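Hi everyone, thanks for making time.

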Amino acid sequence: MTLAGAASLTGNGRAITFALFIAFVCVTLAITVWARMHTDGAVDFYAGGRKFSGPQNGLALAGDHMSAASFLGIAGIIALSGYDGLLYSVGFLVAWLPVLLLVELMRNTGRFTMADVLARRVRRQSSVRIAAAVSTVTVSVFSLIAQMVGAGALVTLLLGVRPGASFLGMSAGTAEVVTIVVVGALMTSYVTFGGMKGTTWVQIVKTALLMFGAALMTVLVLGRFGFDLSRLLGAAAGASGKGHAFLEPGLRYGRDVAGHSSRTLFDKLDFVSLALALVLGTAGLPHIVTRFYTVPDARAARTSVNWAIGLVGAFYLMTIALGFGATALVGRREILARDPAGNTAAPLLARELGRHVAGRIGGDVMLAFVASVTFATILAVVAGLVMASATSLAHDYFGNVLMLGRPRERQEVAVARFAAILVGAVAIVPAVFARHLNVAFLVALAFAMAASANLPAIVLSLFWRRFNATGMVAGIYGGLAASIVLVVFSPVVSGKVDPVTGQSLSLFPKGTDFHWFPLDNPGLVSIPFGFLCAVAGTFLRRGESDPDRYAELSVRSLTGAGAH
Amino acid sequence: MAIRNDERFAILKGRSRRLALIILSTFLGWYFLYVLAAAFARDVMAYRLFGNVNVALVSGLLQFVAVFVLAWRYTRHARAVLDPLAAQIVADAEERVDEAVHRRAAGSSAVSYGTAFGDERPYLGPTPPDGTTSYPGPTPPDGMVAYPGPTPPDGMPLTGGTR
C-alpha cells in the first residue's frame with residue numbers, strides 16, 4: 001500500500017493517540033485475564049458459556065462485522081467515489097437478512113461450528129468435518145492477512161510515520177512490521193487466554209467505542225450544515241470536482257467505458273457479482289456463525305441478530321454523512337493526496353471537526369480518538385477471526401476427526417489454545433511479506449468463498465431432504481476452489497493497468513498478465529458453481545441420502561428440541 | 001407419537017418455510033432491483049427529486065428502511081405464530097416422555113425417549129409401553145446404537161429447549 005504523505009499526527013497528537021492505544025490494550029488485557037479465570041471447559045472456551053444475552057451478543061456480532069475496512073474503507077469510498085460507497089454499504093447491511101433467516105435453525109442444530117449442523121445429516125462425519133475445517137480456516141486466514149496488512153499500513157499512516165522519517169527510533173518499514181507482529185501477538189493472546197468470553201467482551205467494548213465515535217462525528221458534521229442533508233450533499237458534490245455525478249452511481253462500480261461495450265458490460269456484471277457475494281457471504285462467514293452459539297437459545301440468537309441489524313444499519317447510515325462530510329469539509333484532493341485508497345478520509349474529517357470546535361488541540365484529540373478506535377477495531381476483528389479458526393481446528397478436526405468424537409474436554413481446549421497460536425503465526429508471516437502488496441481484494445474474496453463454499457452446504461443441509469455427505473464435500477471444495485481459481489486468473493491478480501497513470505492495479509507488477517476471467521469478483525460464477533457441485537455430488541451417491549436424519553434435523557431446527 | 005409425526009409440526013414447518021420464502025424473495029428482489037438500476041438505469045437514478053436529493057439516494061435509504069422493516073416483520077411473526085406453536089409441540093412431547101418415565105418407575109417396560117421426540121435413537125428397551133410403535137422410521141440407521149448409559153445421549157432435553 002503506498003502511503004503518499006501521512007495524516008500528520010505530530011507532537012501532542014501522537015502522544016494522545018499512543019496513550020489511548022495503550023489504555024485500550026490495558027483494558028482488553030484485563031478483560032482477557034478476567035476471562036481466563038472464568039473459562040473452564042469447552043462450552044466456556046468456544047461459546048463463552050452460552051451466557052451472553054441477546055443484546056450483548058448483538059453488539060459483538062456487529063463488531064465482528066464492522067472491521068476497519070468498513071469504518072475507514074466505506075467512509076473513504078464515499079469520500080472519493082461518492083454514491084458508490086453507499087451502494088457498497090447497502091450490500092453489507094442487506095446481508096444480515098439471510099443471517100436472520102438462518103440463525104435460529106443453526107443455533108438449534110449446532111454446538112459450536114457450522115460443521116456441527118452438517119454432521120447431523122451424515123453417518124460418517126470425518127470427510128464433512130475436514131472439508132468444513134479447511135474452508136473455515138481458508139476463509140479466516142485470507143481475511144486475517146487482509147486485516148493485518150491493513151493494520152500495519154493504517155497504524156503507520158495514523159501515527160504519521162513517513163517513509164524516511166522515524167518513530168521511536170523505527171523507520172516506517174520497521175514500524176509496519178512491528179505493528180503487524182504486535183497486533184498478531186495481542187489478538188493471539190486474547191484468544192489463547194480469553195477464549196470466546198474474552199473475545200466477545202473485547203468486541204463489545206470496541207463496538208461501543210466505534211458507535212460512539214461515529215455518532216459524535218455525525219452530529220458534528222450535520223451540525224456544520226444546519227442538519228440539512230441536501231446542503232451537505234450539495235457541498236460534497238461541489239468540493240468533489242465531479243459535480244452531480246458524485247451523487248449518482250457509476251464513479252467506481254460498473255463504470256461506463258466509452259467505446260467498449262463488452263468492458264462496460266463486464267464492469268457492470270462485476271458489480272452485480274460483488275453485490276451477490278456480499279449479500280450471501282455473511283451468513284457463511286465462520287466468525288459470524290460461531291457467534292450464534294454464545295447465547296442460551298435460538299430466541300436469544302434471533303434477538304442478537306436483530307440488534308446487529310440495528311447497529312450495523314445505524315452505523316452505515318452514519319458513514320454516509322461521514323463520507324460526504326469528509327469530501328465537503330476536507331476536500332477530495334487532500335484525501336486522495338494522503339492515501340489513494342481514501343482510508344484517511346474519516347481521520348482527516350475528525351481532525352477538521354475537532355479543530356473547528358476546539359482549535360488545534362481539539363483536532364489532535366479527535367484524530368487521536370479515531371485512530372485508537374480504528375486500532376481497537378482491528379484488534380477485535382482479528383481476534384474474532386482467530387477464534388473461529390481455532391474453534392474449527394480443535395472442535396471439528398482434532399475432536400471429531402482425530403479423536404473420533406470422543407476427545408477429553410481438557411485436551412480439546414488445550415488444542416484450541418494451541419491452534420490459536422498456530423493460526424496467528426500462519427497469518428503474521430505472510431502479512432509481513434505481503435505488506436507492500438495491494439491485498440484489499442482479499443476481503444471480497446473471503447466473502448465470495450464463504451458464499452460459494454459454506455452457504456450451499458448450510459442451506460442444503462437445512463432444507464434439502466436428499467442432501468448427503470458427498471454433496472457437502474463436493475460443494476465445499478468445489479465452491480472454495482472455484483472462487484480461488486477465478487480470483488487467481490482475474491484482473492485483481494494480474495493484468496489490470498491504470499489507464500491514466502499506467503501503473504499496475506493488480507497484485508503482480510505491470511507486464512505480468514495471465515488473467516482470462518474478466519471479473520474482479522468471482523461470486524457470480526462461483527456461488528452457482530458451489531451449489532451445482534453440492535447437488536451433483538449428492539446425485540453421484542444417491543444411496544447415501546438419509547431422509548431419517550433430515551427429519552430429525554427438521555424437528556431440531558424448528559422446535560429447538562435437544563438443542564445445546 | 002413423535003414430534004415429526006405430529007400434525008402441528010407439519011404446520012409449523014410449512015409456516016416457517018413460507019415466512020422465510022416471503023422474506024427472502026422480497027429482499028432479494030428489492031435489493032437486486034436496486035443493484036441493477038444502479039448498474040443499468042442510471043438516468044432514472046440521477047433524477048433529482050428535491051434540492052440535491054436524487055432517486056439514487058432515496059432508493060439507497062429505502063434499502064435501509066426495507067431491511068429494518070423486514071427484520072421487524074419476521075421477528076414479529078416468529079414471536080406471534082412460530083414460537084408458541086413450537087413451544088406447544090415440545091411441551092406435549094415432554095409430557096409424553098414424563099408419563100412414560102412415570103410408568104417405567106412404576107415397573108413397566110423401558111422407555112424410548114426417541115419415540116417422544118422422534119429425533120434420537122431409541123433409549124433402551126425393546127418395546128415401549130402401551131403399544132405405541134417405538135421408532136417412526138423403518139429401522140434406526142446403523143451407528144444409532146442403543147445408548148447404554150442412564151442419561152439420554154447428546155444433551156437430550158428433559159426439561160426441554162425453547163424455540
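This is a predicted model: local features need pLDDT of at least 70, side-chain atom pairs count only at pLDDT 80 or more; totals for chains, interfaces and linings use all residues.

Okay, chain B. It has 163 residues, and 45% of them count as buried. Its secondary structure comes to four helices and two strands. If you follow the sequence along, the pattern reads α-α-β-β-α-α. Now take the contacts in chain B between residues at least 6 apart in sequence: 57% of those join residues at least 24 apart. As for the surface, chain B exposes about 8200 Å², with carbon and sulfur atoms supplying 63% of that.

On to the interface. How many residues of chain B are in contact with chain A? There are 61 on the chain B side, and they touch 64 residues of chain A. Together the two chains bury about 5500 Å² between them, and 65% of that is on carbon and sulfur atoms. Across the interface we also get 13 residue pairs in polar contact, counting pairs with both residues at pLDDT 80 or more. So which parts of chain B are involved? The elements giving two or more residues to that side are helix H1 (7–40), helix H2 (42–46), strand S2 (53–54) and helix H3 (55–105). Sort the touching residues of chain B by class and you have 37 nonpolar, 12 polar and 12 charged.

Let's talk charges. Side chains of opposite charge can pair when their charged atoms come close. A search of the whole structure turns up 16 salt bridges over all chains, and three salt bridges are counted between chain B and chain A.

Here's one that crosses: B:Arg4 with A:Asp548, where the closest N and O atoms are 3.2 Å apart. B:Arg4 sits in the segment before H1 of chain B, while A:Asp548 is in helix H20 (residues 547–559) of chain A. Buried or exposed, that B:Arg4? It's buried, with a relative accessible area of 15%. A:Asp548 counts as buried because its relative accessibility is 14%, and the cut-off for buried is under 20%.

Another crossing pair is A:Arg299 with B:Asp83, at 3.7 Å between the closest N and O atoms.

Back in chain B, B:Arg8 and B:Asp6 form a salt bridge at 2.9 Å, N to O. B:Arg8 is partly exposed at 23% relative accessibility, whereas B:Asp6 is buried at 5%. And then there's a network: salt bridges with shared partners join A:Glu104, A:Arg299, A:Arg302 and B:Asp83.

Last stop, A:Trp307. You'll find A:Trp307 in helix H13 (residues 298–329) of chain A. At 43% relative accessibility, A:Trp307 counts as partly exposed. Leaving out residues up to four places away in sequence, A:Trp307 touches A:Pro55 and A:Gly58. What about A:Trp307 and A:Ala60, which are 247 residues apart in sequence: what is their distance in space? From C-alpha to C-alpha, A:Trp307 and A:Ala60 are 9.7 Å apart.

Definitions and conventions: Residues are numbered from 1 along each chain as its sequence is written. Chains are lettered from A and ligands numbered from 1 in the order in which they are written. Side-chain values use heavy atoms; hydrogens and water are left out. Contact means heavy atoms within 4.5 Å. Buried area is the accessible area (1.4 Å probe) that two parts lose on being put together, summed over both. A salt bridge is a side-chain nitrogen of Lys or Arg within 4 Å of a carboxyl oxygen of Asp or Glu. A polar contact is a pair of N or O atoms within 3.5 Å; within protein, one must be able to donate a hydrogen and the other to accept it, and residues adjacent in sequence count only if both atoms are side-chain atoms. Ala, Val, Leu, Ile, Met, Phe, Trp, Tyr, Cys and Pro count as nonpolar, Asp, Glu, Lys and Arg as charged, and the others, Gly among them, as polar. Buried means under 20% relative accessible area, exposed over 50%, partly exposed in between (1.4 Å probe, protein chains only). Accessible areas come from the Shrake-Rupley method with a 1.4 Å probe; for residues, only the protein chains shown count as cover.
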